Number of protein chains: 2
Amino acid sequence: MSEIDIPEDHPRYQSLLTRHRIEEGVENGITSKQGLIAEGRGEAFDYLLGERTIESADRAERTAAAYLLRAEHPVLSVNGNVAALVPREIIELATVVNAEIEINLFNRTPERMDAIEAHLHSHGAAAVKGRTADGRIPGLSHERAKVDADGIGSADVVLVPLEDGDRAEALAAMGKIELVIDLNPLSRSAQHATVPIIDNILRAVPNIAAHAKDLADASDAELTDIIDAFDSSEALTAAEDAIRTGRLS
Amino acid sequence: MSEIDIPEDHPRYQSLLTRHRIEEGVENGITSKQGLIAEGRGEAFDYLLGERTIESADRAERTAAAYLLRAEHPVLSVNGNVAALVPREIIELATVVNAEIEINLFNRTPERMDAIEAHLHSHGAAAVKGRTADGRIPGLSHERAKVDADGIGSADVVLVPLEDGDRAEALAAMGKIELVIDLNPLSRSAQHATVPIIDNILRAVPNIAAHAKDLADASDAELTDIIDAFDSSEALTAAEDAIRTGRLS
């Protein structure tokens, strides 16, 4: 048993855990209405994918780990759904790859910033960026453009799970290496990513951390080999094929 | 321009209107958290379907109209998302086919019953059933089983848009002719329907009403011909094929 009263081998365990965390997120002022709708869209795509990490997603997760380990200044971007769904897991990943965590919200309000920061602290996060908001992403309207100048503003590698398409596109246009977790292989976020990870965030974040631990002693040359071998359009095609041809019923 | 400030020929008009109505539904206490997640799942399936009424869905909608017109006692079941998304449209359909409207909620609370009833009245509904709750659907737990004995309890044909799988299955087991609107052709609701309508409720309900108007003077024999020509497994297969092979990008 875990935080919800359902055995971990229940066939719908992951889905029920997701629901539980997202509803708690609403109660805590972390998850927005748009976040709930986005969660439902993700559920449908995950259902079509077979609710599993497909082989190409595992390769994308290993590549993301290599990018994060090789980075000068990696930042993990956290929005409401990320904080609600994988608070412990994202903090664990930040520790493993020595990355910063920055809160970035599509609907930015002081209340949601506070609630998400408190939620991350309660799960063990030390420093959390995103409050200074002294940097801007070019090409976005005022509130949506805000980042910390010494956070995402100066990052070379950014993990953006469940990011809005406009922001993902604008971050890519800044020349950042963008690692995107998104269950829709045809979303603009996935299409603009350096590494599109077409997987459920509950499976993806721990798996990136597991790959990072596995690669902890790898040389820069070994990391670069993994990175060079990755083909983003192949990953997108494989995910689309899985959605198209997977066993639905 | 309509209730939202977007021209009706905007390529995302229907999607934006849906979002607007569903968010308003939350503000009015009509749409639940589960309802928002369900809305997101529907969006993903509609996206894969191409956000259009496929030919087999149009046939299903005409068949649903024939069943409603031929019925002794047709009832349209309304939950939170139905009330939020198509309040006028469902009242119009009830008028055209001379059906009753009954509120049925997966998460039944007096507050949500009140809010939905008030919402339907404000859109012109006269009598709305669902408050008496003196009937029970066999095989469901107490709150979930409640229906009006002289409403769904004694209906021969029930339209259940966006219904939960358990309830759809239990209604089918009662021997009722069940017309289901659901965007997932593999959901239990769709699988157990007499007529599965794999379409967005915003397109489906007005189209059933349009077919009913067109069939207003049809004889019982003509209605029966339409009904007999309909094949539910063919409709489910056609929808699954459309999802599998539709142009995604």
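A residue is called buried when its relative accessible area is under 20%, exposed when over 50%, and partly exposed in between (1.4 Å probe, protein chains only). This is a predicted model: local features need pLDDT of at least 70, side-chain atom pairs count only at pLDDT 80 or more, and totals for chains, interfaces and linings use all residues. Residues are numbered from 1 along each chain as its sequence is written, chains are lettered from A in the order in which they are written, and side-chain values use heavy atoms, with hydrogens and water left out.

Helices are DSSP runs (H or I, at least four residues), numbered from the N terminus. The helix α2(B) is mostly covered, with 12 of its 17 residues buried. Among them are B:Leu36, B:Ile37, B:Glu43 and B:Phe45. After α2(B) comes B:Gly50, which has a positive phi, near 90 degrees.

Contact means heavy atoms within 4.5 Å. Buried area is the accessible area (1.4 Å probe) that two parts lose on being put together, summed over both. A salt bridge is a side-chain nitrogen of Lys or Arg within 4 Å of a carboxyl oxygen of Asp or Glu.

| Item, chain B with chain A | Value |
|---|---|
| Residues in contact | 27 of chain B, 27 of chain A |
| Buried area | about 2300 Å² |
| Salt bridges | four |

A salt bridge joins the side chains of A:Arg41 and B:Glu43 (2.7 Å, N to O).

Conventions: Helix = DSSP H or I, 4+ residues; strand = E, 2+ residues; numbered from the N terminus.
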